[in-house]
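Q: Could you take me through how pockets, cavities and aromatic contacts are read from a set of coordinates?

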Amino acid sequence: MKLEYIIKSNTSIINQILQKELNFSSKLLYKLIKNKKITINGEICDTRLTSNIGDILAISFDYEEDNSNIVSTKMSLNIVYEDDWILIVNKPAGIAIHPSILHYTDSLCNGIKFYFDSIGLKKKIRPVNRLDLNTSGLVIFAKCEYIQERLISQMKNNTFKKEYIAICSGTFDIKSDTINLPIARKDNSIIERCISDKGQKSITHYEVIKEINNYSVVKCILETGRTHQIRVHMSAIGHPLIGDSLYGSVSDFIDRQALHCYKLCFFHPIKNIFMDFIGELPNDLKRVNL
């Protein structure tokens, strides 16, 4: 697991290249320097020095990390894509992403820990995006902290795109629109969110792609990533997700909120190419003819 970069100009200070051209954080850079993981032309280098055009700057991430804080649990994983840097899985509903008191051994991170152990990858478990317990869809894991930093940065500048399929109650008068309503934690609740002037900026773009009986199949693209964002926004405009007992009501159609993260789009931080992935719909949503 090594990143190589050919120096493009003379008298460039190595630290500046790492921070300004390769976008390493100061914290990660300090760790790599301390562990002698940065070389020029195969030799460990002093990153305070200058380099020459054509020099090969290499950063190695082959060091082991302690991930013993997460219990290893064998789990069936629907792997959509994997390379040396990232792993993308299609998460079913009913599985938490992070371990907790209620999901200490059966979260997706527990399953990823078992998988990493099976392939001999001794790295921390780093999910980049989050999904609610009962939301299905694509989750990307970074295999080192540099990848995690770069993908989170893409999320912040809105070049990392997440698209969802939601089934909402009722039919929409406005078939395509943007919801820009701030979201905050609801008073006296550790789970529920609400629309509030005191909340964080929250933007959801939506488009109705099909209407069936008295519900609508809606594509949602998140510009921000607040907890329960789609669920709160759709409820706020009068079209809560079917099956969403927290912001709408239970449904005979499905026993969870009808929400699936079906598409991720981003620039691969190492390959430097645009990539997009589709996550197959789960069986409880396949009954809708999309």
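Q: How should I read open space in a model, and what volume does the largest pocket have?

A: As a general idea, rolling a probe the size of a water molecule over the atoms shows where empty space is left. In this structure, which is a predicted model, the largest pocket has a volume of about 1,300 Å³. Its lining comprises 50 residues, of which Arg-130, Leu-131, Asp-132, Thr-227 and His-228 are the closest to the centre of the pocket.

Q: Which helices and strands each supply at least two residues of that lining, and how does the lining of the largest pocket divide by class?

A: At least two lining residues of the largest pocket come from each of helix H4 (145–156), strand E11 (161–169) and helix H5 (229–236). By class, the lining of the largest pocket holds 21 nonpolar, 16 polar and 13 charged residues.

Q: What can be said about the second largest pocket, and which residues are the closest to its centre?

A: The second largest pocket has a volume of about 360 Å³, and of the 17 residues that line this pocket, Tyr-146, His-268, Pro-269, Ile-270 and Asn-272 are the closest to its centre. Strand E1 (2–6) and H4 are the elements that give two or more residues to this lining, with H4 providing the largest share, four residues. The lining of the second largest pocket divides into seven nonpolar, seven polar and three charged residues.

Q: How many cavities of 30 Å³ or more does the structure hold, and which residues line the largest cavity?

A: A cavity differs from a pocket in that the probe fits inside but cannot get out. The structure holds one cavity of 30 Å³ or more, and about 40 Å³ of space lies in the largest cavity. The residues that line the largest cavity are Met-75, Ser-76, Leu-77, Asn-78, Val-89, Asn-90, Lys-91, Pro-92, Ile-95 and Leu-108. E8 gives the most to this lining, with three residues, and by class the lining of the largest cavity has six nonpolar residues, three polar and one charged.

Q: Turning to the rings, how is an aromatic pair described, and how many aromatic pairs does a search of the whole structure find?

A: A pair of aromatic rings is described by the distance of the centres and the angle of the planes. A search of the whole structure finds 10 aromatic pairs. In one of them, the ring centres of Phe-24 and Phe-61 are 6.3 Å apart and the planes lie at 5 degrees, so the pair is stacked. This pair links distant parts of the chain, 37 residues apart, with Phe-24 in the loop between helix H1 (14–21) and helix H2 (26–34) and Phe-61 in the loop between strand E6 (56–60) and strand E7 (79–82).

Q: Are Phe-24 and Phe-61 buried or exposed, and why is the pair of Phe-61 and Trp-85 edge-to-face?

A: Phe-24 and Phe-61 are both buried. The rings of Phe-61 and Trp-85 have centres 5.8 Å apart and planes at 85 degrees, so this pair is edge-to-face. Because Phe-61 lies in the loop between E6 and E7, and Trp-85 in the loop between E7 and strand E8 (86–91), the pair ties together parts that are 24 residues apart in sequence. Phe-61 has 0% relative accessibility and counts as buried, and Trp-85 is buried with a relative accessible area of 6%.

Q: Which residues do ring pairs link into a cluster, and which residue lies over the face of Tyr-63?

A: Phe-24, Phe-61, Trp-85 and Tyr-146 are linked into a cluster by ring pairs. Lys-123 lies over the face of Tyr-63, at 3.9 Å from the ring centre.

How values were computed
Residues are numbered from 1 along each chain as its sequence is written. This is a predicted model: local features need pLDDT of at least 70, side-chain atom pairs count only at pLDDT 80 or more; totals for chains, interfaces and linings use all residues. Side-chain values use heavy atoms; hydrogens and water are left out. Rings of Phe, Tyr and Trp (its six-membered ring) pair if their centres lie within 6.5 Å; planes under 30 degrees apart count as stacked, over 60 as edge-to-face and the rest as tilted. Buried means under 20% relative accessible area, exposed over 50%, partly exposed in between (1.4 Å probe, protein chains only). A charge sits over a ring if NZ of Lys or CZ of Arg is within 6 Å of the ring centre and within 35 degrees of the ring normal. On a 1 Å grid over the protein atoms alone, a cavity is a set of points where a 1.4 Å probe fits but cannot get out, and a pocket is an open set with protein on both sides within 12 Å along at least five of seven lines; lining residues have an atom within 4 Å of a point. Grid points are joined across faces, edges and corners, and a volume is the space filled by probe spheres set on the points. Ala, Val, Leu, Ile, Met, Phe, Trp, Tyr, Cys and Pro count as nonpolar, Asp, Glu, Lys and Arg as charged, and the others, Gly among them, as polar.
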